[in-house]
Amino acid sequence: MKTIYLDNNATTRVAPEVLEAMLPYLQDYYGNPSSMHTFGGQVGRRVRQAREQVAKIIGAQPEEIIFTSCGTESDNTAIRSALATNPGKRHLVTTRVEHPAVHSLAARLAQEGYRLTELPVDSEGRLNLEQYARSLTPDTAIVSMMWANNETGVIFPVEEAATLAHNRGILFHTDAVQAVGKIPIDMRANCIDMLSLSGHKLHAPKGVGALYLRKGTRFSPFLIGGHQEKGRRGGTENVPSIIALGLACDLAAQKLTTENTVVKELRDKLENALLDRVPRCRVNGDRVQRLPNTSNISFEFVEGEAILLRLDEYGICASSGSACTSGSLQPSHVLRAMGVPFTMAHGSIRFSLSIYNTEEEIDFVSDTLPGIIEDLRALSPYWEAGDALCARGEG
Ligand code: PLP
């Protein structure tokens, strides 16, 4: 059975060119990039090239890039660094819809005694910038606000938010793990101090990421060890993956137009087909300020997990907006923050496309899913009850 992979916000396939570029650095060129000898030196040169490639996709300078092991490490490093370099300030600002890499760290910091503001979002997943501006105080050390949401694809106005923070002398970090390679980013045009990105979201392998640190920003390392990354992140570099990340960034920059035309059209085609053919479903999140590859759709009165299992029988991979925690199905914190009603939130599915998806795949999913939803609803007592309410105009 052919796999139809529509779960690219979870992870992406490694691009064939990327795999080819990294393999020699696992086999033949295994030198340490810090070594004095020529054998290591040639590896060091490739790491420098990768740093330039990563810098280029976000309009940064190579020395502003610190290689890390993942997006989570970049997020943790940025936030902990801001707090360590501002010991007199005890307040941090994030949003209610951050990825756990920020959300759970923020909760931990609150336990450690920091004051935490988690900004709410509206029913479309959007932020209120005035409310955000009011949350900034002289005691605020850092704002951490995601560029684009991993579940809904909703894009936050991080550049404006960074300016508001800067005017008050507050550091600004953005988790751009889902944004880099999908929308244009130019760090020369904003005053964001730190930005996180991750390789496996843009067709490089898992286990490599980067932190952008604006020149002149005070920094406290998270991993303390050797002199690697100019003393900003100890540990021998993951050379093959760093080289892969560099090339993946180059390729993503070249494919940015495809992402925003071809991929977006396929996403819209899928979304419109499902909205047309399936009664009582809706898109979660702002449909305009959104990543071109992401669609989060709720199918009322069906369990997301049940839909995923049925899709899996056809080789279709997607994600659901609920996670099984302590035996009960809890809708995701993102959908809850948006106030998506329970009957909708439970049946939410995230489709996330990539440049490798084809129109045939999208047509197949559009033809298959309506029947799956109909079958599942036929088994659901809630559907009958909901339908009756709807017929009486109460649903
Ligand atoms: N931030 C966002 C928005 C993400 O979507 C993810 C991964 O899903 C991460 C951070 C974590 O990245 P990594 O898996 O590289 O640690």
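Colleague: Where is phenylalanine 301 found?

Modeller: Phenylalanine 301 sits in the loop between strand 10 (294-299) and helix 10 (304-313). Helices (H or I, at least four residues) and strands (E, at least two) are DSSP runs, numbered from the N terminus. This is a predicted model, where local features need pLDDT of at least 70 and side-chain atom pairs count only at pLDDT 80 or more, while totals for chains, interfaces and linings use all residues. Residues are numbered from 1 along each chain as its sequence is written, and side-chain values use heavy atoms, with hydrogens and water left out.

Colleague: Why is phenylalanine 301 called buried?

Modeller: Buried means under 20% relative accessible area, exposed over 50%, and partly exposed in between (1.4 Å probe, protein chains only). Phenylalanine 301 has 16% relative accessibility, so it counts as buried.

Colleague: And why is lysine 230 called exposed?

Modeller: Its relative accessibility is 68%, so lysine 230 is exposed. This lysine 230 lies in the loop between strand 8 (209-213) and helix 8 (239-254).

Colleague: What is the phi of each of these two residues?

Modeller: Lysine 230 has a positive phi of about 55 degrees, and phenylalanine 301 a positive phi of about 65 degrees. Neither is a glycine. Most residues other than glycine have a negative phi.

Colleague: How do you know that the length of helix 13 agrees with its residue count?

Modeller: The expected span is 1.5 Å times one less than the number of residues. Helix 13 (residues 359-378) has 20 residues and should span 28 Å; its end C-alpha atoms are 30 Å apart, which agrees.

Colleague: What makes strand 8 a partner of strand 7 (residues 194-198)?

Modeller: Two strands pair if DSSP finds at least two bridges between them. Five bridges join strand 7 to strand 8, and the two run antiparallel. Serine 196, for instance, stands opposite leucine 211 in strand 8. Strand 2 (residues 65-68) also runs antiparallel to strand 8, with four bridges.

Colleague: How many residues of strand 8 are buried?

Modeller: Five of its five residues are buried. Gly209, Leu211 and Leu213 point one way from strand 8, and Ala210 and Tyr212 the other way.
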